[in-house]
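User: I am new to this protein. Could you take me through it in short questions and answers?

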Amino acid sequence: MVTLWTSLPHSRIMLLLLSVPRPHDFGSRMEWDAAHASTAAHGADWLLPYTSISTVLRPWLLAAPSGPILELGCGTSSLARELVADGFSEVTACDYSVVAIERAKSHHDGVAGLTFAVEDARRLSFGDSSFASVVDKGTLDAICTGEGYDYEAKLVGSEVARVLVPGGRWACLSLMPPSVVRPLLTNSQWWSTFDYRQIGGFHLYMAVAKW
């Protein structure tokens with residue numbers, strides 16, 4: 001079992017919902033379905049809300065080629081809706097949990113330009129070069145909590161690079177430090193650039209898909 005979460009300061013852990021699965025259950029679809037069925041889980045954001053990262057995230061996404069955005073691991077958060085409200089006209093939000101997607105669809109019904117899909121970030125069903133940008137807020141962290149986390153993380157990186165158009169942009173807000181993430185996801189076959197910055201005490205990883 002990876003200790004990335006259990007070693008975090010208590011103040012960081014408290015930023016997460018009490019209703020989510022325990023770290024060793026983060027890979028379980030059944031546990032996530034149960035968590036998202038909880039009323040307390042509805043509409044919650046992991047890590048930082050969009051308002052706290054928009055001054056960095058929005059310019060990064062605007063610099064990408066024009067086209068649709070994919071949010072990985074949307075849960076029932078408002079991030080995708082806020083991206084649409086902020087001028088990004090075509091956003092697909094996906095999650096591993098069927099319950100999360102059903103609740104998100106219900107909550108955001110009628111928002112033009114916003115669609116939802118049940119997807120596994122390690123094995124996306126979208127075609128190559130389907131998106132101009134991919135945004136992830138905590139999903140990579142959840143995937144990196146079980147046995148074989150290095151293999152699982154590389155599956156995510158490979159899939160993100162595959163579904164991005166050449167020059168497309170990936171942004172991932174994470175609790176994990178560069179000493180963990182860089183060895184897993186710095187791959188010259190996927191990215192022309194791979195960098196990060198700290199924001200609100202977290203790490204925002206940013207990469208440009210290979211041309």
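User: Leaving aside neighbours within four places in sequence, which residues is Ser-129 in contact with?
Analyst: This is a predicted model. Ser-129 sits in the loop between strand S3 (114-118) and S4. Beyond its neighbours within four places in sequence, the contacts of Ser-129 are Arg-162, Val-163, Leu-164, Val-165 and Pro-166.

User: Is Ser-129 buried, partly exposed or exposed?
Analyst: Buried needs under 20% relative accessible area, and exposed needs over 50%. Ser-129 has 38% relative accessibility, so it counts as partly exposed.

User: What is the phi of Ser-129?
Analyst: Most residues other than glycine have a negative phi. Ser-129 is not a glycine, yet its phi is positive. The value is about 55 degrees.

User: How far apart in space are Ser-129 and Ala-209?
Analyst: Along the sequence, 80 residues separate Ser-129 and Ala-209. From C-alpha to C-alpha, the distance in space is 9.9 Å.

User: Where is Leu-79 found, and is it buried or exposed?
Analyst: Leu-79 belongs to helix H4 (residues 79-85). Its relative accessible area is 1%, and the limit for buried is under 20%. Leu-79 is therefore buried.

User: Which residues are in contact with Leu-79, leaving aside neighbours within four places in sequence?
Analyst: Pro-49 lies 30 residues from Leu-79 along the chain, and their C-alpha atoms are separated by 7.5 Å. With neighbours within four places in sequence set aside, Leu-79 is in contact with Asp-45, Tyr-50, Glu-71, Val-135 and Lys-137.

User: Why does the end-to-end distance of helix H7 agree with its number of residues?
Analyst: H7 covers residues 149-163, which is 15 residues. At 1.5 Å a residue, H7 should span 21 Å. The end C-alpha atoms agree, because they are 21 Å apart.

User: What covers the buried residues of H7?
Analyst: Buried residues of H7 include Leu-155, Val-156, Val-160 and Val-163. Glu-152 and Glu-159 are buried in H7 too. The cover includes strand S1 (69-72), strand S4 (131-137), helix H6 (139-143), strand S5 (164-174), helix H8 (178-185) and strand S6 (191-199).

User: At what angle do the axes of H7 and H8 cross?
Analyst: H7 passes H8 in a right-handed crossing. The two axes come within 9 Å. They cross at roughly 65 degrees.

User: How do the residues of that contact of H7 with H8 divide?
Analyst: H7 brings Tyr-149, Asp-150, Ala-153, Lys-154 and Gly-157. H8 brings Pro-183, Leu-184 and Leu-185. The division is five nonpolar, one polar and two charged.

User: How much of the protein chain do buried residues make up?
Analyst: The chain has eight helices and seven strands. Among contacts with a separation of 6 or more, 69% join residues 24 or more positions apart. The chain exposes about 9300 Å², with carbon and sulfur atoms supplying 54% of that area. Of the 211 residues, the buried share is 54%.

Methods: Residues are numbered from 1 along each chain as its sequence is written. This is a predicted model: local features need pLDDT of at least 70, side-chain atom pairs count only at pLDDT 80 or more; totals for chains, interfaces and linings use all residues. Side-chain values use heavy atoms; hydrogens and water are left out. Helices (H or I, at least four residues) and strands (E, at least two) are DSSP runs, numbered from the N terminus. Buried means under 20% relative accessible area, exposed over 50%, partly exposed in between (1.4 Å probe, protein chains only). Contact means heavy atoms within 4.5 Å. Accessible areas come from the Shrake-Rupley method with a 1.4 Å probe; for residues, only the protein chains shown count as cover. The expected span of a helix is 1.5 Å times one less than its number of residues. Axes are lines fitted to C-alpha atoms, for helices over the stretch in contact, and angles run from 0 to 180 degrees between N-to-C directions. A crossing is left-handed if the near helix is turned anticlockwise from the far one by less than a right angle, and right-handed if clockwise. Ala, Val, Leu, Ile, Met, Phe, Trp, Tyr, Cys and Pro count as nonpolar, Asp, Glu, Lys and Arg as charged, and the others, Gly among them, as polar.
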